[in-house]
Amino acid sequence: YFSKTLDVKPNDINAMNNKGLALFNAGKLDESAKVLWEVVKKNPKDPTYWDQIGIVWAKLGKGKDATKAMEIKDALKSGDTEKANKLAKKFDVEIK
């Protein structure tokens with residue numbers, strides 16, 4: 001379903017996010033990480049997306065990246081965009 005939506009609306013961030021979560025729930029962690037990373041890059045200001053990619057990275061054994069993603073999520077949730085942006089530079093992502 002999400003893939004069909006993305007065929008029609010390739011930039012539909014909600015469909016992309018749902019596809020990434022469906023892949024995660026199906027145990028397809030590498031594919032999930034790719035999709036959810038695209039979601040983060042399209043909307044880096046949303047702490048939920050950082051949380052989701054952090055969980056996937058943790059499951060993939062990428063502890064340092066997962067921890068950094070959670071730190072970015074926490075900074076965004078507390079309204080500290082400057083701190084989040086500094087942390088996100090590790091991933092070549094700019095939070096405006």
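**Basis.** I am working from a predicted model, in which local features need pLDDT of at least 70, side-chain atom pairs count only at pLDDT 80 or more, and totals for chains, interfaces and linings use all residues. Residues are numbered from 1 along each chain as its sequence is written, and side-chain values use heavy atoms, with hydrogens and water left out.

**Helix 4 and helix 5.** I took helices as DSSP runs (H or I, at least four residues), numbered from the N terminus. I looked up helix 4 (residues 47-59) against helix 5 (residues 63-77): the angle is about 165 degrees and the axes are 8 Å apart. Axes are lines fitted to C-alpha atoms over the stretch in contact, and angles run from 0 to 180 degrees between N-to-C directions. The two helices are therefore roughly antiparallel (the term applies over 145 degrees). Helix 4 passes helix 5 in a left-handed crossing, meaning that the near helix is turned anticlockwise from the far one by less than a right angle. I noted the contact residues (heavy atoms within 4.5 Å); among them are Trp50, Ile53 and Trp57 of helix 4 and Ala69, Ile72 and Leu76 of helix 5. The residues of this contact divide into 11 nonpolar, 1 polar and 4 charged. Here Ala, Val, Leu, Ile, Met, Phe, Trp, Tyr, Cys and Pro count as nonpolar, Asp, Glu, Lys and Arg as charged, and the others, Gly among them, as polar.

**Helix 2 and helix 4.** The axes of helix 2 (residues 13-25) and helix 4 come within 12 Å and cross at roughly 25 degrees. That makes helix 2 roughly parallel to helix 4 (under 35 degrees). This crossing is left-handed. I found Ile13, Asn14, Asn17, Leu21 and Phe24 of helix 2 meeting Tyr49, Gln52, Ile55, Val56 and Lys59 of helix 4. The count is 6 nonpolar, 3 polar and 1 charged.

**Core.** I then looked up the largest nonpolar core, which has 22 residues; Trp37, Trp50, Ile53, Trp57, Ile72, Phe91 and Ile95 have the most contacts inside it. Such a core is a set of buried Ala, Val, Leu, Ile, Met, Phe, Trp, Tyr and Cys residues joined through side-chain atoms within 4.5 Å, buried being under 20% relative accessible area (1.4 Å probe, protein chains only). Helices 3, 4, 5 and 6 (81-88) each give two or more residues. Leaving aside neighbours within four places in sequence, Phe91 contacts Trp37, Trp50, Trp57, Asp65, Lys68 and Ile72.

**Val40.** Val40 sits in helix 3 (residues 29-42) and is buried, at 0% relative accessible area. Not counting residues up to four places away, I see Val40 touching Tyr49, Trp50 and Ile53.

Methods. Angles under 35 degrees count as roughly parallel, over 145 as roughly antiparallel, 65 to 115 as roughly perpendicular and the rest as oblique. Buried means under 20% relative accessible area, exposed over 50%, partly exposed in between (1.4 Å probe, protein chains only).
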